[in-house]
Amino acid sequence: MILPTTSVGSFPKPEYLTEARSRFSKGEMSKEELHGLERKATEEWIRFQDEIGMDVLVDGEMYRGDMVTYFAENLHGFQISGLVRSYGNRYYRKPVAVAEIQRVNPVTVEWFKYVQSLTRKPVKGMLTGPYTIMDWSFNEYYSSRRDFCLRLAELIHQEAIDLQNAGAQYIQIDEPAISVRPDELDLAIEAMEIVTKDLTAKTITHICYGNFPQIYPKMLELSVNQIDLEMCNSSYELMSLFRRHPFTKEIGLGVIDVHNHKIETKEDVRLRIKKALTVLPLEKVYISPDCGLKTRTIEESHGKLRVMVDAVKELREELALISH
Ligand SMILES: [Zn+2]
């Protein structure tokens, strides 16, 4: 099938879950009760994706607060600081490496097995990359950023292998920090090589909007099968870079603006894809929103995802007619 549809990772949490998380943090709710609601919210998102006909599903990250803190909390050797402000208005509890980082148990595998049991479509295994975990943490233990990053790479590699053994056909290793630190791209590449070594599952990395002209085409050296990119945010300015240096991997093409409340029309989506296909080979294109949708409302996210999938269905028919 051409133009498979998928998502980047996060979806908004329903109100009952946001309330439950806040009650849990005040000690007013048990971990089991919270876990039950996380499973309920996850199942609702899987049902929705199945219903609209999405091809490669995500779990929506109902059980996570922040994508870095979640991993730090589940690895040994980190302490979690108070709230720290980063990039604009984003607040999170910044992890601090205080000892050798260790992975005592798998972090995401139980969630993956649960979510995959809910659907016949493939669900992505979803990891945060070592470079981003390192960059968004304080380091009070390792003698260099490189040592810290490469240690994390080994542990994320083990997690990826366990996901693959649990049946994951797609493993996404998100590295949103890469595009804001072009000076350390070599380190991110070195770390990704360790993470994806010996994997047979399809590997993907998502990179948020940032200084693309400085990291492209070098970012094509990241050892993954697919790079998922935020395209709408820059009105597809990347296309001119792709014309100069061909994009050699599969691409996860962002066709939905996640920063805008307005729901795209099918025509908006169609035009974006067609524009991309003037430069990118059809068989290498996956279709997704620009980034995680967790900052949108549930209604907006439903609307945007539905339009995206419907537009792709129409475009597939149109392209099939042309080729006959
Ligand atoms: Zn992003």
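User: In what order do the six strands of the open sheet run, and is the pairing parallel or antiparallel?
Analyst: In this predicted model, the open sheet is built from six strands in the order E3-E5-E6-E7-E8-E9, and their pairing is parallel.

User: Which ones are the edge strands?
Analyst: The edges are strand E3, covering 124–128, and strand E9, covering 285–289, each of which pairs on one side only. From one strand to the next, the twist averages 25°.

User: What about E6 and E7, over how many bridges do they pair?
Analyst: Strand E6, residues 202–207, and strand E7, residues 226–229, pair over four bridges in the parallel sense. Within that region, Ile207 stands opposite Leu229 in E7.

User: And what holds strands of a sheet together in general, which bonds do they pair through?
Analyst: Strands of a sheet pair through backbone hydrogen bonds, and the arrangement can be either parallel or antiparallel.

User: Switching to the whole protein, how many helices and strands are there?
Analyst: The protein has eleven helices along with nine strands. Its radius of gyration is 19 Å, close to the 20 Å that the globule rule gives for 324 residues, so the protein is as compact as a globular protein of that length.

User: What box do the C-alpha atoms fill?
Analyst: Taken along the principal axes, the C-alpha atoms fill a box of roughly 60 × 40 × 40 Å.

User: And what share of the residues is buried?
Analyst: Of the 324 residues in the protein, 44% are buried.

User: Last one, what share of the contacts comes from residues 24 or more positions apart?
Analyst: Counting the contacts with a separation of 6 or more, residues 24 or more positions apart account for 75% of them.

Note on methods: Residues are numbered from 1 along each chain as its sequence is written. This is a predicted model: local features need pLDDT of at least 70, side-chain atom pairs count only at pLDDT 80 or more; totals for chains, interfaces and linings use all residues. Helices (H or I, at least four residues) and strands (E, at least two) are DSSP runs, numbered from the N terminus. The radius of gyration is taken over C-alpha atoms; the globule rule is 2.2 Å times the number of residues to the power 0.38. A residue is buried if 20 or more other C-beta atoms lie within 10 Å of its own, exposed if 12 or fewer, and partly exposed in between; C-beta atoms are placed from the backbone. Two residues are in contact if their C-beta atoms, placed from the backbone, lie within 7 Å. Two strands pair if DSSP finds at least two bridges between them. Axes are lines fitted to C-alpha atoms, for helices over the stretch in contact, and angles run from 0 to 180 degrees between N-to-C directions.
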